[in-house]
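Notebook open, viewer loaded. I want to look up the packing first, then the sheet, then the helix.

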Amino acid sequence: MTATLVIREGEGAGFEHPVEGEVVLGRERGSADLVLDDPGVSRRHAAISSEGGRLTVTDLGSSNGTYANGQRVTGAVELADGDEIEVGTTLISVHQRGPTRSRLGPKPARRQPSGLGGRLDDESNIPALAAVFLGPLSIFLLVFSSGAAFFVSLPCAIAAIVLGSMGKRRVDRGEADSHRALASIGRITGIVGAVLSVVAIAAWIVIVIVLDAAGDGLDEIFDSARDQLDSR
């Protein structure tokens, strides 16, 4: 049985690559057998292996994951003729000649790409959407608000960090299909907001201490001057 990978969507659509032994999909020339010019693809993203009449796909620890027929790949997943593999925004179909295994059920609908391309009304990754709101908000409060806004900014920043991490994990575990990039943005801006808030709080404390010490010093000067006047 021979197998061929055909790029259906993405850079190089229509290109065919035979599967002989193992084919590594990736972005880096020299490390990957099938090089994909796709920013969502890791340097060594996934491997397609043909052994003993079986064709399998395995994710190689990629940043955005590998999907077979819309399902995130964890471990080695067996492929059949007509199956679809998604890496980044590139869609690859599998073509086999010879005896093939029957498919257990209909092929699932193609998933929405993860990252910024998902729908903003997708409630499957609410932590990511909340993080991308709270992170920039924490910075906005510090820059454009007056008074002790850092006391509100710090909780917003901490929440953005926690929710951003949750949103990224949901995508990585296959519990959500979208908004991984939004979760990363929310987490990063949350970290920036938290650092700025801590610096602002520390500066506020120093200013209060200095002003208090200066006030005590002025009181002593006034008391001394009053005593001298009274003695005369």
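Which residues does Leu25 touch, not counting residues up to four places away in sequence? Before answering, I note that this is a predicted model. I looked up the contacts of Leu25 and got Leu5, Ala32, Leu34, Leu36, Arg44, His45, Ala46, Ile48, Val87 and Ile92.

Next I checked the core. The largest nonpolar core has 20 residues, and Leu25 is listed among those with the most contacts inside it, along with Leu5, Leu36, Ile48, Leu79, Val87 and Ile92. I then asked which elements give it two or more residues: strands 1 (2-9), 3 (22-26), 5 (46-51), 6, 10 (84-87) and 11 (90-97). Strand 1 has the largest share, three residues. I also found a second, separate core of five residues, including Leu134, Ala149, Cys156 and Ala160.

I read off an open sheet of five strands, order 4-3-5-6-9, with mixed pairing. Strand 4 (34-35) and strand 9 (76-79) are at the edges with a single partner strand each, so one side of each has no neighbour in the sheet. Strand 6 (residues 54-59) runs antiparallel to strand 9, and four bridges join them. For Thr58, I noted Ala76 as the bridge partner in strand 9.

Last, helix 1 (residues 126-144). Its 19 residues should span 27 Å at 1.5 Å a residue, and the end C-alpha atoms are 27 Å apart, so that agrees. I listed its buried residues as Pro127, Ala128, Ala131, Leu134, Gly135, Ser138 and Leu141. They cover an arc of only 160 degrees around the axis, which puts them on the same side of helix 1. On the face turned away from that buried side I found Phe133, Val143 and Phe144 exposed.

Key. Residues numbered from 1 in each chain as written. Predicted model: local features only at pLDDT ≥ 70, side-chain atom pairs only at ≥ 80, totals over all residues. Heavy atoms only, no water. Pairing = 2+ DSSP bridges. Expected span 1.5 Å × (residues − 1). Buried < 20%, exposed > 50% of the residue type's maximum accessible area, 1.4 Å probe, protein only. Arc of directions from axis to C-beta. Core = buried A, V, L, I, M, F, W, Y, C linked by side-chain atoms within 4.5 Å. Contact = heavy atoms within 4.5 Å.
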